[in-house]
Amino acid sequence: MRELTRPKRLTPGARVAVVAPSGPVPEERVQAGLELLRGWELDPVVMPHVLGRHPEFEYLAGSDADRAADLQAAWCDPDVDAVICARGGYGAQRMVDLLDWSALRAAGPKVFVGFSDITALHEAFATRMGLVTLHGPMAGAIDFLKNEHAREHLRATLFAPESTRVIQGSGGALVPGRASGVTLGGCVSLIAADLGTPHARTGARGGLLMIEDIDEERYRLDRILTQLLRAGWLDGVAGVALGSWHKCGPYEELRALFADRLGGLGVPVAEEFGFGHLEGALTIPFGVRAELDTEARTLTLDRPALA
């Protein structure tokens, strides 16, 4: 697995476009997020359909075509330096193939931030553009609005990425050891759902897999991990870091599942590392070469996430 292209870091005055590729966003959250971004001396702009609502499917922020058009326009605007998602939810998979990937590639690398359902876009930017992206807090999401630790780790990654080259996690070692590889991951249910689709990643060989999820019962996580194992998608993975598992059941029960499904890979596995759907979530860059040390609870990037 090769290291991907790093976009440039942000500087004061940079223009940031806010998009909603998935679920609908309350206007008050968007406005609060914009104020915080302005406080960082950024110039945020809201794309036209961010506050949209699908006329039939209430879980979507407008039509697939409108959500895709917003992301397309933001990325292809030469004055936009970064694109930050407003929230996750569901819907990114419905619009990802409506994007003109040739036009996005021609527009060049930019910073892209989001997590949860945005996993589908992290994977697409990796496989179709070869671009480093940031798995981090979103502009209209509670963690960005309410949690200073999450917000400041994202800010440091955006403006001074050398200061976050060593990411200090929490938790411990499910399987102790050190592993080096290129980071990838996100919501494990979205990774499994991507299997067999056009342009999907063929596997995690040589990668450091960072996975988490929300509101999945233990048997469903069992099925998801088993699917990845049976498909050979985890063959050759260098190491695994487990993030949060909010509303997925008691962690001790999940821990037994992870040991059963991942312990046989023969690679280091860190647990409760501190990214995903939890308060104070860390920003994790995808597409960079790094070393995972499960006992020191660190992810050390070979180079800063942004150039």
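Modeller: Let's start with Gly 130, which is buried, with a relative accessible area of 6%. Keep in mind that this is a predicted model.

Biologist: Where does Gly 130 sit?
Modeller: Gly 130 is in the loop between helix 5 and strand 5, residues 133-135. Its phi is positive, about 65°, just after helix 5.

Biologist: What does Gly 130 touch?
Modeller: Arg 2, Leu 4, Thr 5 and Phe 125, not counting residues up to four places away in sequence.

Biologist: And how far apart are Gly 130 and Ser 189 in space?
Modeller: 22 Å, C-alpha to C-alpha. In sequence they are 59 residues apart.

Biologist: Back to helix 5. How many of its residues are buried?
Modeller: 10 of its 11 residues, so helix 5 (residues 119-129) is mostly covered, buried being under 20% relative accessible area.

Biologist: Which ones are the buried residues of helix 5?
Modeller: Thr 119, Ala 120, Leu 121, His 122, Glu 123, Ala 124, Phe 125, Ala 126, Arg 128 and Met 129.

Biologist: Let's talk cores. How many residues has the largest nonpolar core?
Modeller: The largest nonpolar core has 76 residues. Those with the most contacts inside it are Leu 10, Val 83, Phe 112, Leu 121, Phe 125, Leu 158 and Leu 299.

Biologist: Which helix gives the most to this core?
Modeller: Helix 5, with six residues.

Biologist: Take Leu 10. What does Leu 10 touch?
Modeller: Leaving out residues up to four places away in sequence, Leu 10 touches Val 16, Leu 42, Asp 81, Ala 82, Val 111, Leu 158 and Phe 159.

Biologist: New topic: helix packing. At what angle do helix 9 and helix 10 pack?
Modeller: About 15°, with the axes 10 Å apart. Helix 9 covers residues 218-230 and helix 10 covers residues 251-262. The angle makes helix 9 roughly parallel to helix 10.

Biologist: Left-handed or right-handed crossing?
Modeller: Helix 9 passes helix 10 in a right-handed crossing.

Biologist: Which residues in helix 9 and helix 10 meet?
Modeller: From helix 9, Arg 218, Leu 221, Asp 222, Leu 225, Thr 226 and Leu 229. Their partners in helix 10 are Glu 253, Leu 254, Leu 257, Phe 258, Arg 261 and Leu 262.

Biologist: How do the residues of that contact divide?
Modeller: Seven are nonpolar, one is polar and four are charged in the contact of helix 9 with helix 10.

Biologist: Is Asp 215 buried, exposed or partly exposed? What class does it fall in?
Modeller: Asp 215 is partly exposed, with a relative accessible area of 48%.

Biologist: And which residue in the loop between strand 10 and helix 10?
Modeller: Lys 247. Strand 10 there is 239-246. Lys 247 has a positive phi of about 60° although it is not a glycine, and Lys 247 is exposed, with a relative accessible area of 59%.

Biologist: Next, Thr 283. Buried or exposed?
Modeller: Thr 283 counts as buried, at 1% relative accessibility. Its place is in the loop between strand 11 (269-271) and strand 12 (284-286).

Biologist: Which residues is Thr 283 in contact with?
Modeller: Apart from neighbours within four places in sequence, Leu 134, His 135, Gly 136, Pro 137, His 153, Leu 154, Thr 157 and Ile 167.

Biologist: Last one: where is Pro 304 found?
Modeller: In the segment after strand 14 (298-301). Pro 304 is buried, with a relative accessible area of 18%. Not counting residues up to four places away in sequence, Pro 304 touches Arg 6, Pro 161, Glu 162 and Arg 165.

Methods:
Residues are numbered from 1 along each chain as its sequence is written. This is a predicted model: local features need pLDDT of at least 70, side-chain atom pairs count only at pLDDT 80 or more; totals for chains, interfaces and linings use all residues. Side-chain values use heavy atoms; hydrogens and water are left out. Axes are lines fitted to C-alpha atoms, for helices over the stretch in contact, and angles run from 0 to 180 degrees between N-to-C directions. Helices (H or I, at least four residues) and strands (E, at least two) are DSSP runs, numbered from the N terminus. Angles under 35 degrees count as roughly parallel, over 145 as roughly antiparallel, 65 to 115 as roughly perpendicular and the rest as oblique. A crossing is left-handed if the near helix is turned anticlockwise from the far one by less than a right angle, and right-handed if clockwise. Contact means heavy atoms within 4.5 Å. Ala, Val, Leu, Ile, Met, Phe, Trp, Tyr, Cys and Pro count as nonpolar, Asp, Glu, Lys and Arg as charged, and the others, Gly among them, as polar. Buried means under 20% relative accessible area, exposed over 50%, partly exposed in between (1.4 Å probe, protein chains only). A nonpolar core is a set of buried Ala, Val, Leu, Ile, Met, Phe, Trp, Tyr and Cys residues joined through side-chain atoms within 4.5 Å.
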